[in-house]
Amino acid sequence: MAAPGVVFTIARAAEMIGETIDLLDEIADQLEPEDGCLWIYDTDERATLGFTERGIECLKELIADQKR
């Protein structure tokens, strides 16, 4: 598996999709790293949920399924 070239924070992903951070946080529990969901750790030992482009697509699919 190749390393992702771009990763979006959960806040940016919510903005891109037009949904809330809380909804994405809830849905992200259903995703695995191979689905494009990962954690970003900074130097202060804080973690931020992040998504690759594949992760954004998976989120959109899950949201669409929930709205049906």
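Reader: On what basis are the values computed?

Author: This is a predicted model, in which local features need pLDDT of at least 70 and side-chain atom pairs count only at pLDDT 80 or more, while totals for chains, interfaces and linings use all residues. Residues are numbered from 1 along each chain as its sequence is written, and side-chain values use heavy atoms, with hydrogens and water left out.

Reader: How many helices and strands does the protein chain have, and in what pattern do they follow along the sequence?

Author: Helices (H or I, at least four residues) and strands (E, at least two) are DSSP runs, numbered from the N terminus. Here the protein chain has three helices and three strands, and along the sequence they follow the pattern β-α-α-β-β-α.

Reader: How does the radius of gyration of the protein chain stand against that of a compact globule?

Author: The radius of gyration is taken over C-alpha atoms, and the globule rule is 2.2 Å times the number of residues to the power 0.38. For 68 residues a compact globule would have a radius near 11 Å, and the protein chain, with 12 Å, agrees with this. Its C-alpha trace spans about 40 × 25 × 20 Å along the principal axes.

Reader: What share of the residues counts as buried?

Author: Buried means under 20% relative accessible area, exposed over 50%, and partly exposed in between (1.4 Å probe, protein chains only). By this scale 32% of the 68 residues of the protein chain are buried.

Reader: Are Ala14 and Gly36 buried or exposed?

Author: Ala14, in helix H1, counts as buried because its relative accessibility is 5%. Gly36, in the loop between H2 and E2, is likewise buried, at 4%. For Gly36 and Leu59, 23 residues apart along the chain, the C-alpha separation is 9.4 Å.

Reader: How many salt bridges are there, and by what rule?

Author: A salt bridge is a side-chain nitrogen of Lys or Arg within 4 Å of a carboxyl oxygen of Asp or Glu. The count by this rule is five. One of them joins the side chains of Arg12 and Glu15, at 2.6 Å from N to O.

Reader: Which residue forms a salt bridge with Lys60?

Author: The partner of Lys60 is Glu57, with the closest N and O atoms 3.6 Å apart. The two lie three residues apart in helix H3 (residues 53–67), about one turn of the helix. Lys60 is partly exposed at 41%, and Glu57 is partly exposed at 39%. Elsewhere, salt bridges that share partners join Asp42, Asp44 and Arg46 into one network. Between Arg46 and Asp42 the closest N and O atoms are 2.9 Å apart. Arg46 is exposed at 52%, and Asp42 is partly exposed at 34%.

Reader: What is the value of phi at Glu45?

Author: Phi of Glu45 is near 60°, a positive value in a residue other than glycine. Glu45 lies in the loop between strand E2 (37–41) and strand E3 (47–51), and it is exposed, at 73% relative accessibility.

Reader: Which residues gather in a patch of negative charge on the surface?

Author: Patches are made of residues with over 30% relative accessible area and no salt bridge; like charges are joined within 9 Å, and nonpolar side chains (Val, Leu, Ile, Met, Phe, Trp, Tyr) within 5 Å. Asp22, Asp25, Glu26 and Asp29 form such a patch of negative charge. Glu26 is in helix H2 (residues 21–28) and counts as exposed because its relative accessibility is 53%.

Key
Areas by Shrake-Rupley, 256 points an atom, 1.4 Å probe, with all protein chains shown as cover. Lys, Arg positive; Asp, Glu negative; His and termini not counted. Charge placed at Lys NZ, Arg CZ, Asp CG, Glu CD.
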